[in-house]
Amino acid sequence: MKARSTYTSDRARMLWAFAITSIALFMVTLDNLVVTTALPVIRHDLDASISQLEWTVNAYTLTFAVLLLTGAALGDRFGRRRMFTLGIGIFTASSALAALSTSATMLDLARAAQGVGGAIVTPLTLTILSAAVPKEKRGLALGAWGGIGGLA
């Protein structure tokens, strides 16, 4: 009876890890691309110049790319779950700030902060999922994880 309880617990832990990491990956990846479709509205609503619109896109991409390896290293040093939670917090708070932006400059700064959060979250989704899934099911889990990232 105890072995079955352990199996159920491990399976639930694995499914939760997959769900949480996949949702986080989807959210971060989608945010990288969704702004592009909103640029005409952003230009009109915030009276943004072309240069400011370029920074709206690039602020996220640059901070994300530059800090991606740092996010993974921070997870190794301070704990993956702790840094994952911090990254989600940074990403969510800066997303709210971006939504409440009243100027293009404020939006660009919020997008840069989103990139920081995304750079912490993205590599940790992979490492957390890899640690939660047994070797024999890891290929399936990582393939589905990658498919969700591609879908976003």
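This report walks through the chain shown above, from its overall build down to a few single residues.

Keep in mind that this is a predicted model, so local features are used only at pLDDT of at least 70 and side-chain atom pairs only at pLDDT 80 or more, while totals for chains, interfaces and linings use all residues. Residues are numbered from 1 along each chain as its sequence is written, and side-chain values use heavy atoms, with hydrogens and water left out.

## The overall picture

Let's start with the whole chain. It has 5 helices and 0 strands, where helices (H or I, at least four residues) and strands (E, at least two) are DSSP runs numbered from the N terminus. Reading along the sequence gives the pattern α-α-α-α-α. Taken along the principal axes, the C-alpha atoms fill a box of roughly 65 × 30 × 20 Å.

How much of the chain is buried? Of its 152 residues, 35% count as buried. Here buried means under 20% relative accessible area, exposed means over 50%, and partly exposed is in between (1.4 Å probe, protein chains only). The accessible surface of the chain comes to about 9,000 Å², and 68% of that belongs to carbon and sulfur atoms. These areas come from the Shrake-Rupley method with a 1.4 Å probe, and for residues only the protein chains shown count as cover.

Now for contacts, meaning heavy atoms within 4.5 Å. Among contacts with a separation of 6 or more, 76% join residues 24 or more positions apart.

The chain also carries 13 positive and 8 negative charges, whose mean positions are 19 Å apart. Lys and Arg count as positive and Asp and Glu as negative, while His and the chain ends are not counted. The place of each charge is taken as NZ of Lys, CZ of Arg, CG of Asp or CD of Glu.

The expected span is 1.5 Å times one less than the number of residues. Which residues of H3 are buried? They are Met-83, Phe-84, Gly-87, Phe-91, Ser-94 and Ala-98. These residues sit on the same side of H3 because they cover an arc of only 105° around the axis. That arc is the one made by the directions from the helix axis to the C-beta atoms. Over on the other side of H3, Arg-81, Arg-82, Thr-85 and Ala-99 are exposed.

Helix H5 (residues 135–151) has 17 residues and reaches 25 Å from its first C-alpha to its last, close to the 24 Å expected. Its buried residues are Ala-141, Trp-145 and Gly-149. They cover an arc of only 80° around the axis, so they lie on the same side of H5. The face of H5 turned away from the buried side carries the exposed residues Glu-136, Gly-139, Leu-140, Gly-150 and Leu-151.

## Residues to look up

Here are a few residues with their relative accessible areas.

| Residue | Relative accessible area | State |
|---|---|---|
| Tyr-60 | 1% | buried |
| Arg-111 | 2% | buried |
| Asp-47 | 68% | exposed |
| Leu-140 | 69% | exposed |

Tyr-60 belongs to helix H2, and Arg-111 lies in helix H4. What does Arg-111 touch, not counting residues up to four places away in sequence? Its partners are Asp-31, Asn-32, Val-35, Thr-56, Val-57, Ala-59, Tyr-60 and Thr-63. With its own neighbours within four places left aside, Tyr-60 has contacts including Val-28, Asn-32, Phe-91 and Arg-111. Tyr-60 and Gly-117 are 57 residues apart in sequence, yet their C-alpha atoms are 9.7 Å apart in space.

Val-57 is also found in helix H2. Apart from residues up to four places away in sequence, Val-57 touches Leu-39 and Arg-111.

Asp-47 is in the loop between helix H1 (2–46) and helix H2 (50–78). Its phi is near 50°, a positive value in a residue other than glycine. For background, most residues other than glycine have a negative phi. Leu-100 is in the loop between helix H3 (80–99) and helix H4 (104–132), and it counts as exposed at 63% relative accessibility.
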